[in-house]
Amino acid sequence: MSTYQWFVFFLIVQLIHGLGTWKLYEKAGRKSWEAFIPVYNSIILMKIINRPTWWTFLLFIPVINLMMFPIVWVETLRSFGRRSTLDTILGVVTFGFYIYYINYTQYVQYISERNLKPASTAADTLSSLLFAIIVATFVHTYFIQPFVIPTSSLEKSLLVGDFLFVSKYNYGARTPMTAVAAPMVHDTLPLIKVKSYLFDDNNPTSWKNKLQLPYFRFPGYEKIKNNDIVVFNWPQDTLFHMYKPSDRRYSKPIDKKTNYVKRCVGIPGDSLQIKDGIVFINGKELILPERAKPQFNYLIENKTPIDSTFLVDYEITEYSRIFKIKKDIWDNNVVRTHLDRLSKENKVAFSEIARDSTAVLLTGGATDDVLNELNIDLSMYDLSVTLTFEKAEKMKSDSRVKVIKRFIKNGPEDGIFPDHKDGKPSVTNNWSCDNFGPIYIPQQGKTVAINRQSLPFYKNIISEFEGNTLKVVGNDIYINDKKATTYTFKQNYYWMMGDNRHNSLDARYYGYTPEDHIVGKPVFLWMSWDSNGKGIMNKIRWERLFTTVSGEGQPQSYFKYFLGILALYFVGEYFWKKRKKASNV
């Protein structure tokens with residue numbers, strides 16, 4: 001719904017509240033009209049039910065208010081003597097309309113000095129748990145949210161298994177857009193694996209989808225800068241899946257789209273270009289901070305057979321074996337036919353990477369059984385590895401390495417932004433993930449020319465992210481049924497990329513990230529878990545505990561300081577209890 005529609009809805013809710021409670025307000029010694037005045041009626045209601053005035057604030061916070069409404073309904077009933085279990089159940093299951101029945105048909109008396117203490121230990125525990133959830137939801141939504149890194153797209157800057165605290169207030173907390181959702185979970189309820197929110201993914205015009213709140217963000221104390229690591233909602237969720245294109249639309253609320261974490265390399269107003277894998281902003285190379293560790297794919301030809309110690313020495317976690325096939329064998333149609341069959345059976349993936357005139361290369365996915373079928377020497381193979389520049393330079397002096405060469409993709413590469421037509425990948429330019437652009441990063445309020453050549457870059461912005469109708473008739477472009485030659489952007493956009501440049505599904509494939517998709521800024525890494533470590537002590541990356549994500553220089557762990565503070569707390573608590581015990585004697 002639009003802001004105006006929500007305002008009308010808000011007034012209707014206030015009217016419903018007034019009609020259902022005005023007699024109860026009178027019985028509590030208030031004026032009947034006080035039940036109808038928006039916001040003021042909630043402040044008065046808090047006085048009637050003997051609850052603090054700040055509860056009113058909670059009634060207007062999306063998601064949190066869903067938990068507060070039942071509490072207020074029950075508290076209202078109990079303030080007028082309806083304390084039975086049946087009254088409580090009816091108050092909740094009727095969404096508060098049971099109060100109408102009490103208001104108009106029942107004789108009740110107001111209890112001004114009622115006992116607010118829970119009737120039982122179970123009720124006390126439930127009340128404490130509920131308010132703990134409310135407080136946690138408030139913090140989770142507007143201040144700090146925990147995240148875990150699930151993929152290697154930011155290796156080695158952030159590692160798989162890093163647990164982060166993400167600040168919502170650095171860039172300004174975004175209020176929830178999905179009005180009806182479970183607290184403190186994202187898009188799926190754990191265990192039962194069903195949606196955690198009320199929304200119709202298949203029908204954008206459904207009444208459920210009309211409950212979506214307008215986008216609003218509180219002011220932050222900093223703006224997103226080049227090189228910031230940012231958590232955001234994946235824009236591609238509303239279009240089609242990158243690897244499984246289809247004509248079926250799959251819609252999700254903005255704040256329930258998949259959470260991604262990438263480095264923002266381009267901000268609104270920038271001109272961005274990628275040359276041989278290096279990012280240039282406004283014609284100048286983007287210099288990454290010292291702690292950033294971009295990785296690229298390298299092809300390594302070895303002098304001797306490679307074993308696991310080689311991988312450990314260079315901390316290689318992502319690699320593919322590359323096996324040579326003699327050219328005379330490769331040219332044998334029987335072998336090619338055999339490989340084609342294995343490929344169709346998903347037993348091997350191969351590509352011809354000619355390095356000299358005597359061999360071609362077989363790469364990826366081949367099991368030892370498959371390689372034995374092809375009479376390939378399993379002990380001798382080259383590698384395709386992911387390395388930082390520093391590791392690659394170090395490897396050049398390794399006696400086991402004959403040749404190391406950075407792999408650079410030259411165009412055209414299928415699926416590179418903006419190469420999509422009607423949900424299906426296509427190639428419309430000569431770009432690749434390593435050689436791309438230049439492109440303009442849209443800025444709010446700026447105007448660009450719109451024609452058949454520029455439209456692919458801004459099509460999703462116009463129709464998906466900014467809610468216009470878009471139609472192309474011949475060479476003419478119509479926006480909201482009006483012929484257009486220019487377009488003015490309604491919000492800012494960003495260009496997000498992973499540091500693991502050849503293993504990252506990022507802006508090079510899906511395009512711009514709108515400002516209303518920004519979630520927050522990772523600020524603190526409190527835990528890091530290496531699932532490949534041997535033994536519990538080696539699974540914890542101790543040097544990464546309690547480190548900051550951003551900042552100058554290399555990351556520094558504050559874990560020892562945390563342990564010191566924790567020790568002081570327990571020592572202080574011991575002496576405080578000892579002193580209190582002595583004073584009571």
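How many bridges join strand β5 and β15, and in which sense do they pair? These close-up views of a predicted model take up that question and a few others.

**View 1. Strand β5 meets β15.** Strand β5, which covers residues 271-275, pairs with β15 in the antiparallel sense, over 3 bridges. To find your place along this pairing, look for S271, which stands opposite Y440 in β15.

**View 2. An open sheet of 4 strands.** Follow the strands in the order β7-β6-β5-β15 and you have walked across an open sheet with antiparallel pairing. β7 (284-285) and β15 (436-440) are at the edges; each has a single partner strand, so one side of each is left without a neighbour in the sheet.

**View 3. The largest nonpolar core, and a second one.** The largest nonpolar core holds 45 residues, and those touching the most other members are L272, F436, I439, Y458, W495 and Y512. Helix α13 (residues 455-465) gives this core its largest share, 6 residues. A second core is separate and has 28 residues, among them I61, F80, V108 and I134.

View 4. The structure holds 44 aromatic pairs, and one of them is formed by Y100 and Y104. Their ring centres are 6.1 Å apart, with 40° between the planes, and the pair is tilted. What separates these two residues along helix α6? Y100 and Y104 are 4 residues apart in this helix (residues 98-105), so about one helical turn lies between them.

**View 5. An edge-to-face pair within a ring cluster.** F489 and Y493 form an edge-to-face pair, 6.4 Å centre to centre and with 65° between the planes. Both F489 and Y493 are buried. Now look around them: ring pairs link F489 and Y493 into a cluster with F417, W431, F436, F457, Y458, F465, Y487, W495 and Y512. You have already met F436, Y458, W495 and Y512 in the largest nonpolar core.

Terms used:
Residues are numbered from 1 along each chain as its sequence is written. This is a predicted model: local features need pLDDT of at least 70, side-chain atom pairs count only at pLDDT 80 or more; totals for chains, interfaces and linings use all residues. Side-chain values use heavy atoms; hydrogens and water are left out. Two strands pair if DSSP finds at least two bridges between them. A nonpolar core is a set of buried Ala, Val, Leu, Ile, Met, Phe, Trp, Tyr and Cys residues joined through side-chain atoms within 4.5 Å. Buried means under 20% relative accessible area, exposed over 50%, partly exposed in between (1.4 Å probe, protein chains only). Rings of Phe, Tyr and Trp (its six-membered ring) pair if their centres lie within 6.5 Å; planes under 30 degrees apart count as stacked, over 60 as edge-to-face and the rest as tilted.
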